[in-house]
Amino acid sequence: MREEKCRNVPVGFVSFPSTPTQPIHLQRIHNKRAQLPILVTTQRRSNRKPIVVSTVQSVPSIYQATDERISNTSEWKALEEHAKNVISKTHLRDLVNDDKRSEKLWAEFDGCILDYSRQRVIPETMKLLFALARKAKLEEKKEAMFRGYKINVTEDRSVLHTALRAPKGTQLYIDGVDIVDEVWQVLEKIRTFSDRVRNGQHVGVTGRPIKNFIAIGIGGSYLGPEFLHEALRTEKVASAAAGDRVLRFLSNVDPVDVKRATDKLNPEETMAIVVSKTFTTRETSINAKTIKDWLIYHLGDSAETIKKHVVACSTNLDKVVKFGIAPENMFPFWDWVGGRYSVCSAVGALPISLQYSFDVFERFLKGAHSMDTHFRYAPLEGNLPVLLGLLGVWNMSFLNYNARAIHPYSEALLRFPAHIQQLDMESNGKHVNIFGEVVDYPVGEIDFGEPGTNGQHSFFQLLHMGQVVPCDFIGFIESQNPVCEEGEPVSNHDELMANFFAQPDALAFGKTADEVRQEGKPEWLIPHMVFTGNRPSSCLLMPVLDAYVTGQLLALYEHRTAVQGFIWEINSFDQFGVELGKVLANKVRKQLNESRYFNKKISGFNHSTTKLLNRYMEGSVGCAFEHVFHYEDE
Ligand SMILES: O=P(O)(O)OC[C@H]1O[C@H](O)[C@H](O)[C@@H](O)[C@@H]1O
């Protein structure tokens, strides 16, 4: 039991119907029967009419209905004991050879197979993890998320990316508004607009059809759409729908990225899609301005140029209009969509529908929705995102593995690891829990990865012989592009998949000194050739990477991240950690402006930064502006 049983930590303002700006304090309370959302445990049959899902979304009482830290509970302690006294004495070599155990550590849903028999767990471990999940009120928390409770308490927001892929006709009322209806109004607008552009009704200012798209955005307004674009680029339905259209992304404020994004594109046939939730992000503002100028330079400075060639996805209509984009060319989304959870909103819908058609994007939404339904209703024991999340918690908090690698055996998923990196590290890279208390257990893995087999020829040495990094292997039963070479023992896809099946066992089993010796290696070389093994991994096997499966995969990983945050009692939906660097950059920007154009001495920085800035200024020049921005005129 905690010494301090009740804390009173201000966390912002939660709207109550009667007193909209009343501050609330999130606190642990003793009343275990504090209001919880009613759990729906049965899965709705697809032939039933959509139901009203929720109208309740104010107080996140589930977070208050606990009086002790999760790490002080008997469930947490039992797992610590289990890790120390049971699992530390096992080796995956023996565990994986136990067929009965392996048979149990397997789950399937809608064509998606999860084999977690190469994780350092036994059925007893899983029982203890499910008990921990129940203690942490995982079921209630995920239900609260789906119902639109404002579980992002520090920003007083609902977390409703699942509503972005809810089927048309489903109802979900938030503050009196049916948000699924709003979602579908925007999706229909995107369907109509993308059809018009694709069939040549909407043409450029010189009358030429638009067939190039530059999506300008960064972070969550870039990584999800780019991963999705890459996933579909070689998929047969999507690539046929794309024809000779070109979709590029401009994210980095490095001007080199502008060059790469516009290279060899005809401005007459090019449309810029400015994607920014806030429409205040510096990188995106400057890049958008640069592309706008590029279009104006080539096509003439007229309202028509902007109207025909620049559109936006944002929550900030005022800023979009101020930038010069016609209100009808803005495709909105909402503050209950987090940036890194926004690929299913207009953020992904617009570029992907323009490039591949709305139908393809809709298949992606359907795949994501299928995984949402599974996550929401399936029992914890067979619930894929829950299993992945619990294994993440187990590896990080109990076995102390602080990194995690993701290896898609599909070149089309080359940007998936980067997307998951932002999704997970921005969500769970926290040092305090939802009560503002410093977490006293490890949370938030370092995520990285590369497609197999490329990764094998790069960092796999470390994975096999250096630090232990739990891995996710993602493979597909069929290739997007089947190729067979005569005279080869197997098809090219089988060649790829041979590695997918081999690597997890190599990591788990390793190679003993005796095995090396039996190969006739000299004694002095043996230590260099021993693989300790006992390195955990999961295998995900899916049918073929199409739009639907890409949606499933996205939702699977989004929910994995949420599960871990729910159990760790942290808020996975804010990101204050990205602010400090931005504020300091503002100060440097001002200094650069004043030193370059108004001869002010560099001052107010520490010795090292001052020295670096001076060296930078000495070796470079700014711009020959006609009218230099002057901070004092602001
Ligand atoms: O979409 P925007 O408002 O331009 O934000 C773009 C990105 O900027 C921030 O730095 C956040 O860390 C990201 O979560 C966000 O996706």
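Let's start with helix 18, residues 492–509. Helix 18 lies across strand 14 (471–476) and strand 15 (537–542). Against strand 14, helix 18 runs at about 155 degrees. Keep in mind that this is a predicted model.

Now helix 21, residues 547–568. Helix 21 packs on the sheet too. The strands touched by helix 21 are strand 3, strand 4 (112–115), strand 12, strand 13, strand 14 and strand 15. The direction of helix 21 makes about 150 degrees with that of strand 15.

So what is this sheet? Six strands form it, and the sheet is open. Read the order with me: 3-4-15-14-12-13. The pairing is mixed. A quick reminder: strands of a sheet pair through backbone hydrogen bonds, either parallel or antiparallel.

Which strands sit at the edges? Strand 3 (106–109) and strand 13 (446–449). Each of these edge strands pairs on one side only. How much are neighbouring strands turned against each other? On average by 15 degrees, ignoring direction.

Look at the end of the order with strand 13. Strand 12, residues 403–408, pairs with strand 13 in the parallel sense. Four bridges join strand 12 and strand 13.

Next, two spots in the loops. Find Asn400, in the loop between helix 15 (384–398) and strand 12. Phi of Asn400 is near 60 degrees. That is a positive value, and the residue is not a glycine.

Then go to Thr453. Thr453 is in the loop between strand 13 and helix 17 (460–465). The peptide bond from Gly452 to Thr453 is cis. Its omega is near 10 degrees.

Last stop: the ligand. Which residues are around the ligand? Ile218, Gly219, Gly220, Ser221, Ser276, Lys277, Thr278, Thr281, Gln422, Glu426, Val578 and Lys582.

Thr281 places a polar side-chain atom 2.5 Å from an oxygen atom of the ligand. For Ser276, a polar side-chain atom lies 2.6 Å from a ligand oxygen. With Gly220 the backbone is involved: an N or O atom there lies 2.8 Å from an oxygen atom of the ligand.

How much of the ligand does the protein bury? Taken alone, the ligand exposes 390 Å². The protein buries 88% of that.

Definitions and conventions
Residues numbered from 1 in each chain as written. Predicted model: local features only at pLDDT ≥ 70, side-chain atom pairs only at ≥ 80, totals over all residues. Heavy atoms only, no water. Near = heavy atom within 4 Å. Polar contact = N/O pair within 3.5 Å; in protein donor to acceptor, adjacent residues only side chain to side chain. Areas by Shrake-Rupley, 256 points an atom, 1.4 Å probe, with all protein chains shown as cover. Pairing = 2+ DSSP bridges. Axes fitted to C-alpha atoms, helices over the stretch in contact; angles between N-to-C directions. Contact = heavy atoms within 4.5 Å.
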